[in-house]
Amino acid sequence: MKHIAIFASGTGSNAKKIIGHFKHRRDISVSLLVSNKANAPVLETARENGIPTLIIDRRNFYHSEDILKIFNQYSIDFVVLAGFLWLVPTYLVRAFEGRIVNIHPALLPKYGGQGMYGMHVHEAVFKNKETETGITIHYVNEHYDEGAIIFQARCPVAPDDTPQTIAKKVLELEHRHFPQIIETLLHDPAVQAHPKY
Ligand code: GRF
């Protein structure tokens, strides 16, 4: 059994899709939901699905490695960031090298980096009159949105699109692809063979 920890601090629509995708599986399970917001709606989704939740605070996350002990308790193999805005500390990037992924709502390397999240991304795409946008699933390193790209999917931006309609199209793409890409990665022999800690 492979165990996933999802980090999410927003609405959690991606987390919900991932949880649903693996719900009845015997080989892959979402075993922990981590958030830095005690009132994030995504926590309710986790509870409804019987998934343990962990609220982290900045000091502990950056100045201790406690979370690795907790990951050990839950036998976490793979980490998915789905709407988590904090930079991942080096100790965690190292411990999960090649086993920690993020989804970004644009075609990186365009429209990435600090401050480029949520509607800021879609407003920038709109302002620049891009004719296409999309999603990027990438490995996570110590820099915002700079890890190696694993997968991208594109959608056209029409002249009558608004930042809101762009956001909707992009979110649909995320929901369609993210669970499947996570599944593919979990079947990758490199991830399979990775020793725990
Ligand atoms: C998504 O757009 C994702 O690309 C970004 O954060 C957003 C999370 O949305 N990293 P949701 O909370 O999953 O609805």
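How many positive and how many negative side chains does the protein chain have, and how far apart do the centres of the two sets lie? The chain has 21 positive and 20 negative side chains, and the centres of these sets lie 3 Å apart. The model described here is a predicted one. The briefing below moves from the overall fold to a group of aromatic rings, and then to one residue on a helix.

**Overall fold**

- The secondary structure of the protein chain consists of eight helices and seven strands.
- The radius of gyration is 16 Å, close to the 16 Å that the globule rule gives for 197 residues, so the chain is as compact as a globular protein of that length.
- Taken along the principal axes, the box filled by the C-alpha atoms is roughly 50 × 35 × 35 Å.
- Among contacts with a separation of 6 or more, 68% are between residues 24 or more positions apart.

**Surface and interior**

- Buried residues make up 49% of the 197 residues in the protein chain.
- The protein chain exposes about 9,900 Å², and 53% of this area is supplied by carbon and sulfur atoms.

**Aromatic rings**

- A pair of aromatic rings is described by the distance of the centres and the angle of the planes.
- Nine aromatic pairs are found in a search of the whole structure.
- One of these pairs is formed by phenylalanine 71 and phenylalanine 96; the centres are 5.5 Å apart, and the planes stand at 85 degrees. This pair counts as edge-to-face, because the angle between the planes is over 60 degrees.
- The pair links distant parts of the chain, as its two members are 25 residues apart. Phenylalanine 71 belongs to helix 4 (residues 66-73), whereas phenylalanine 96 is in the loop between helix 5 (90-95) and strand 5 (100-104).
- Phenylalanine 71 has a relative accessible area of 0% and is therefore buried, the cut-off being under 20%. Phenylalanine 96, at 0% relative accessibility, also counts as buried.

**Glutamine 164**

- Glutamine 164 is located in helix 7, which covers residues 163-187.
- Is glutamine 164 buried or exposed? Its relative accessibility is 51%, so glutamine 164 counts as exposed; the cut-off for this class is over 50%.
- Between glutamine 164 and tryptophan 86 there is a separation of 78 residues in sequence and of 24 Å in space, C-alpha to C-alpha.

Terms used
Residues numbered from 1 in each chain as written. Predicted model: local features only at pLDDT ≥ 70, side-chain atom pairs only at ≥ 80, totals over all residues. Heavy atoms only, no water. Helix = DSSP H or I, 4+ residues; strand = E, 2+ residues; numbered from the N terminus. Rg over C-alpha atoms; globule rule 2.2 N^0.38 Å. Buried < 20%, exposed > 50% of the residue type's maximum accessible area, 1.4 Å probe, protein only. Contact = heavy atoms within 4.5 Å. Areas by Shrake-Rupley, 256 points an atom, 1.4 Å probe, with all protein chains shown as cover. Lys, Arg positive; Asp, Glu negative; His and termini not counted. Charge placed at Lys NZ, Arg CZ, Asp CG, Glu CD. Phe/Tyr/Trp six-rings, centres within 6.5 Å; stacked < 30°, edge-to-face > 60°.
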